[in-house]
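Hi there,

Here is the structure I promised to pass on.

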Amino acid sequence: MTRSYAAEATAILNHLGVDPARHTGGTMAVFTPLTGEQTASLPTDTAGSVADAVTRAQAAFRDWRRVPAPRRGELVRLFGEELRAAKDELGRLVSIEAGKSPSEGAGEVQEMIDICDFAVGLSRQLYGLTIATERPDHRMMETWHPLGVVGVISAFNFPVAVWSWNTALALVCGNPVIWKPSEKTPLTALASQAILDRALARFGSAPAHLAQVVIGGRDVGEALVDHPGVALVSATGSTRMGRSVGPRVAARFGRTILELGGNNAGIVCPSADLDMALRAIAFGAMGTAGQRCTTMRRLFVHDSVYDALVPRLVKAYASVSVGNPLETAALVGPLIDGAAFDAMQAALAAAKAAGGTVHGGDRVTVGTDAGQYARPALVEMPTQVGPVLEETFAPILYVMRYTDFDAVVEDHNAVGAGLSSSIFTLDMREMEQFLSAAGSDCGIANVNIGTSGAEIGGAFGGEKETGGGRESGSDAWKAYMRRATNTVNYGRSLPLAQGVVFDI
């Protein structure tokens with residue numbers, strides 16, 4: 001081990017103003033996937049302390065909902081400024097805690113800055129509609145009002161960006177936020193909250209406890225999910241997690257935004273620019289060590305270009321650099337923990353048993369450290385069976401031949417998840433069919449780019465077992481508000497709708 005990442009993480013937290021009592025002396029151990037070193041030991045919350053946090057957030061909501069939306073936007077603008085000032089430190093902490101390369105760590109913080117910019121503009125655009133009414137001397141309209149306490153449950157792979165997508169929109173929409181980060185990446189949450197606290201101090205007039213962080217495992221998340229005072233739960237994680245969260249929130253008539261699994265696929269057509277496709281596939285499948293929800297996991301290649309593309313991909317997989325991205329220029333960093341490595345090996349064994357030819361996937365030793373490093377695996381499969389139909393959160397790309405376009409679109413859609421998809425083609429008809437109602441059934445459908453790399457301007461999310469939620473841009477703000485339809489009678493009579501007569 002060449003350096004102590006624990007000491008570096010502590011120094012960053014201290015410089016950002018995180019109370020040392022929040023990351024020392026507790027029972028929840030946190031480790032960096034870069035080396036396996038323990039970086040902190042955090043005190044955890046309980047169901048009772050979560051309930052207290054909700055009570056505090058409800059009190060904040062009663063005040064914050066009355067603040068004009070453009071004024072709420074000013075807080076988010078200040079948050080964006082503070083993020084710009086802390087970008088290098090927070091990005092470095094993301095890399096230490098999640099194992100990301102420096103550019104990916106910094107890029108995640110840039111996403112936070114971008115959503116703040118988006119939300120500031122949005123604070124003056126929370127538009128309702130004026131609606132035509134059948135009654136004379138009446139006006140009908142819809143208005144949007146703050147919803148209430150928003151609970152955010154985030155995953156380890158994007159430990160801060162997803163929270164910011166929710167928080168920036170929730171704040172301008174008039175809501176307080178309670179954040180339960182992954183127990184694998186809580187330090188970045190404490191750091192992000194400290195940066196937001198700086199913005200709150202500059203803002204000066206926000207209610208106390210407008211944004212809070214609760215720390216713990218599944219029990220803490222369940223306490224947030226089950227609390228009737230939490231109006232909206234935005235949860236990012238596995239489909240299995242979503243199957244639990246969704247019904248529990250629905251049982252109390254709460255709302256959810258679910259961002260779940262993504263068994264994402266690409267299609268390479270005969271006319272594709274193979275050089276472009278190669279680069280896009282390599283990043284989409286191997287970037288972040290295959291631990292993005294939008295990672296490309298399945299690839300269908302037309303028989304006429306299969307032998308021109310796939311051997312080049314196999315070569316890229318064999319030569320891509322694997323290692324500690326903070327010590328080297330490696331493009332592929334570690335898996336998050338040993339369980340992720342074991343899941344990868346189990347999937348590769350199942351693929352081999354189903355007739356697949358496995359290229360790569362073996363363990364890579366990085367120095368003497370205990371990080372979980374693996375060479376990305378490309379698996380040539382005869383058909384889409386077995387592990388190909390399931391999402392394994394690791395750098396595995398299953399590659400299959402196809403000959404018929406209509407049939408490959410059916411195969412593309414024949415999995416449970418429906419998050420991201422892409423097609424590589426210069427044929428306008430193939431492109432348009434893929435983007436049509438008869439094409440990709442995913443929430444994200446791309447042409448001549450990979451499945452990863454979404455921008456905050458477009459609503460992010462997917463269909464089917466991905467949960468149907470939408471975060472970030474477009475009109476995703478509506479999920480954080482409640483709609484009211486208003487009818488105003490400015491006349492001197494009382495005509496009833498649908499011609500109903502009720503004279504007394």
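Before the helices come up: contact here means heavy atoms within 4.5 Å, and angles between axes run from 0 to 180 degrees between N-to-C directions. Please also keep in mind that this is a predicted model.

With that in hand, take helix α13 (residues 405-413), which lies across β10, β11, β14 and β16 (420-424). Its direction is at about 170° to that of β11. Another helix, α12 (residues 338-353), lies across β12, β13 (377-380) and β14 (396-402), and runs at about 25° to β14.

Those strands belong to an open sheet of seven, ordered β12-β13-β14-β11-β10-β16-β17, with mixed pairing. The edges are β12 (357-360) and β17 (444-447); each has a single partner strand, so one side of each is left without a neighbour in the sheet. On average, neighbouring strands in this sheet are turned by 20° against each other, ignoring direction.

Within the sheet, β10 (residues 264-268) and β11 (residues 296-302) pair in the parallel sense, over five bridges. Opposite G266 you will find L299 in β11.

One residue elsewhere may also interest you: R77, located in helix α3 (residues 69-85). With a relative accessible area of 33%, R77 is partly exposed, because that class covers values between the 20% limit for buried and the 50% limit for exposed. The side chains of R77 and E74 are joined by a polar contact of 2.9 Å. R77 and D117 are 40 residues apart in sequence, yet their C-alpha atoms are 6.8 Å apart in space.

Definitions and conventions
Residues numbered from 1 in each chain as written. Predicted model: local features only at pLDDT ≥ 70, side-chain atom pairs only at ≥ 80, totals over all residues. Heavy atoms only, no water. Pairing = 2+ DSSP bridges. Helix = DSSP H or I, 4+ residues; strand = E, 2+ residues; numbered from the N terminus. Buried < 20%, exposed > 50% of the residue type's maximum accessible area, 1.4 Å probe, protein only. Polar contact = N/O pair within 3.5 Å; in protein donor to acceptor, adjacent residues only side chain to side chain.
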